[in-house]
Amino acid sequence: MDRASPLPVEPRGSRRSYRREPLIHFAPVQTGDVHTVPVGRRALLVEVDDAATALALAGWAREARVGAGEIVPGAVTVLFDEVDDLALLRDVLAGWTPTADAPARECVEIAVRYDGPDLAFVAEAWGTDPAGVVERHSAVEYVAAFCGFAPGFAYLAGLADDLAVPRLDSPRARVPAGSVALAGAWCGIYPTASPGGWRILGSTDALLWDQVRDEPALLPPGTRVRFVPA
Amino acid sequence: MRTELVVVEAGTLTTVQDRGRRGLAHLGVPRAGALDAPAADLANRLVGNRPGAALLEVTLGGLEVRLGAGRWVSVTGAPCAVHVDGRAVGHDRAEWVPAGATVRLGPPRSGVRSYLAVAGGIDVEPVLGSRATDTLAWVGPPVVESGSTLPVGPAAGAPRPHDTPRPRRHGPLRVSPGPRVDWFGEAALDALCGTTYAVAADSNRIGLRLEGPALPRRRTDELPSEGMVLGAVQVPPTGTPVVFLADHPPTGGYPVVAVVEADDLWQCAQLRPGDPVRFTRVGPPEPPRAARR
């Protein structure tokens with residue numbers, strides 16, 4: 001239900017007209033089980049419990065072809081941008097039942113050479129040796145939760161929270177393309193060489209981003225990922 | 001008939017732009033596109049191009065090009081001296097430029113970005129549905145360099161020598177509250193709107209960076225990465241706001257205190273380092289007007 005309409009209540013008995021404009025809601029609105037926060041005139045941010053739920057909502061909304069030019073999952077949110085009718089979108093989103101079950105996408109296997117400069121650091125943080133890091137890191141099935149930082153850079157969820165590692169205090173000036181790295185409990189692969197502060201475990205030859213490919217990102221949100229020691 | 005445009009002098013920063021890429025933010029691709037969109041649209045209309053045809057965005061003038069065939073050309077945006085083979089011609093109008101003639105844009109008298117449209121449009125190969133150069137992730141055609149040659153498409157429409165766009169609105173940037181306004185102190189928007197900021201020298205197509213007092217934060221924990229919109233007023237740990245422009249990162253981890261109205265973003269494209277910037281809140285809905293009887 002839409003309780004926060006900013007339009008003034010029409011005084012009884014008066015004959016007035018109101019300019020019809022996109023509504024801007026100045027307060028968070030609870031629509032069914034979906035918590036939405038306004039973002040200017042043409043966007044809404046939906047807050048959910050975790051990355052899996054954000055991914056499920058984004059996948060559902062894309063499938064349902066909701067009226068939004070951009071559907072951008074984040075760590076615990078989904079942004080709906082370039083929306084012509086915010087009120088209609090709110091109604092449509094109210095029809096979504098929160099779930100963490102995203103439609104299953106294919107599983108991509110990434111061959112990794114575990115020879116990164118931070119392997120020893122991560123081993124110490126995890127209380128194991130480099131072989132133990134390889135074993136644990138490659139035992140997990142990850143899922144690409146969302147992209148950011150660079151085209152095709154997917155934030156891969158799946159590592160347990162107690163394996164989280166801090167970023168470098170001072171980012172490296174150049175991290176090579178294909179570097180497989182950790183920050184917090186996220187795993188990521190650098191699609192192109194760039195500065196970066198993630199802890200590098202190793203490298204892969206997989207082409208993460210190819211702008212002339214039909215699907216330019218190898219790991220769009222929702223893709224399942226397994227790492228295979230090379 | 002196609003022709004080409006030879007870049008004699010590229011100037012400080014000249015890029016190919018159109019209306020940008022759509023629907024790819026979830027893959028981490030910035031939207032890009034002309035920063036002063038109404039000026040780019042005007043330039044295309046004047047020479048009879050379809051809306052969204054690719055043109056050149058020229059930063060602080062200094063561009064000189066030579067056309068392979070005669071074409072209608074227009075220059076809009078930041079007002080600057082325009083010379084065709086050394087003769088001064090007008091701004092904001094269509095000019096016929098004969099084959100082999102050079103067009104030169106001087107430094108703008110005010111503003112930052114001028115737009116040069118050629119009938120037929122700059123016909124570089126589109127990348128992911130757009131010919132725009134994104135300067136964050138470098139998706140799209142490379143930056144325009146001196147000595148390079150750009151293809152120009154076949155001219156389609158007739159020029160439209162008269163075009164009277166609605167006057168551009170100057171003044172404070174209108175904002176509505178952002179999704180994380182509650183991460184800041186009480187009355188954060190009043191603080192934002194009560195401050196005169198100055199444009200920082202490192203402003204670019206990614207963001208209009210501002211100098212001024214830091215906005216007090218209520219929450220200092222890390223914001224989980226979330227989707228960002230065009231015009232988002234993001235506040236990094238330094239406390240001074242950045243207005244996200246066309247090449248902004250699609251997701252970000254700093255809270256957004258406010259969102260600038262789309263109609264005011266052209267001003268952000270034309271503000272120079274040191275220029276004062278003020279914000280004002282979008283008013284409540286217009287007071288109801290008595291219906292005409």
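Reply: pLDDT is the predictor's confidence in each residue, on a scale from 0 to 100. What you have here is a predicted model, where local features need pLDDT of at least 70 and side-chain atom pairs count only at pLDDT 80 or more, while totals for chains, interfaces and linings use all residues. Residues are numbered from 1 along each chain as its sequence is written, and chains are lettered from A and ligands numbered from 1 in the order in which they are written.

Chain A has a mean pLDDT of 86, with 85% of its residues at 70 or more. Residues 1-26 of chain A are another story: pLDDT stays under 50 there, and the model gives this stretch 38 contacts beyond four places in sequence. Where pLDDT is low, the predicted coordinates should not be read in detail.

Helices (H or I, at least four residues) and strands (E, at least two) are DSSP runs, numbered from the N terminus. For the setting, chain B is divided into domain 1 (3-152) and domain 2 (173-281), with bounds that come from an automatic or database domain assignment. Taken over C-alpha atoms, the two domain centres in chain B are 28 Å apart. Across the boundary, 20 residues of domain 1 of chain B are in contact with 15 residues of domain 2 of chain B. On the domain 1 side, the largest share, three residues, comes from helix H1 (residues 37-46) of chain B. That side of domain 1 splits into eleven nonpolar, five polar and four charged residues; here Ala, Val, Leu, Ile, Met, Phe, Trp, Tyr, Cys and Pro count as nonpolar, Asp, Glu, Lys and Arg as charged, and the others, Gly among them, as polar.

How covered is the helix itself? A residue is buried if 20 or more other C-beta atoms lie within 10 Å of its own, exposed if 12 or fewer, and partly exposed in between, with C-beta atoms placed from the backbone. By that count H1(B) is mostly covered, with nine of its ten residues buried. Among them are B:Asp41, B:Asn44 and B:Arg45, along with B:Leu42 and B:Leu46. As a reminder about geometry, an α-helix has 3.6 residues a turn, so residues three or four places apart point the same way. The buried residues of H1(B) pack against strands E2 (13-17), E3 (55-59), E5 (71-77), E8 (94-97) and E10 (113-118) of chain B, and also against helix H3 (265-270) of chain B. Just after the helix, B:Gly48 has a positive phi of about 80 degrees.

Now the sheets around this helix's chain. Two strands pair if DSSP finds at least two bridges between them. One open sheet has six strands in the order E7-E6-E9-E4-E1-E11 (chain B), paired antiparallel. Strand E7 (87-89) and strand E11 (149-152) of chain B are its edge strands, each pairing on one side only. Strand E6 (residues 80-84) of chain B pairs with E7(B) in the antiparallel sense over three bridges, and B:Val84 stands opposite B:Arg87 in E7(B).

Another open sheet has eight strands in the order E20-E13-E14-E17-E16-E19-E12-E21 (chain B), with mixed pairing. Strand E20 (276-277) and strand E21 (279-281) of chain B stand at its edges with a single partner strand each, so one side of each has no neighbour in the sheet. Strand E12 (residues 173-177) of chain B and E21(B) are parallel and share three bridges; B:Val175 has B:Arg281 as its bridge partner in E21(B).

B:Val181 is buried, with 20 other C-beta atoms within 10 Å. Apart from neighbours within four places in sequence, B:Val181 is in contact with B:Ala188, B:Leu189, B:Val257 and B:Ala258. The C-alpha atom of B:Val181 is 43 Å from that of B:Asp123, 58 residues away along the chain.

Technical notes: Two residues are in contact if their C-beta atoms, placed from the backbone, lie within 7 Å.
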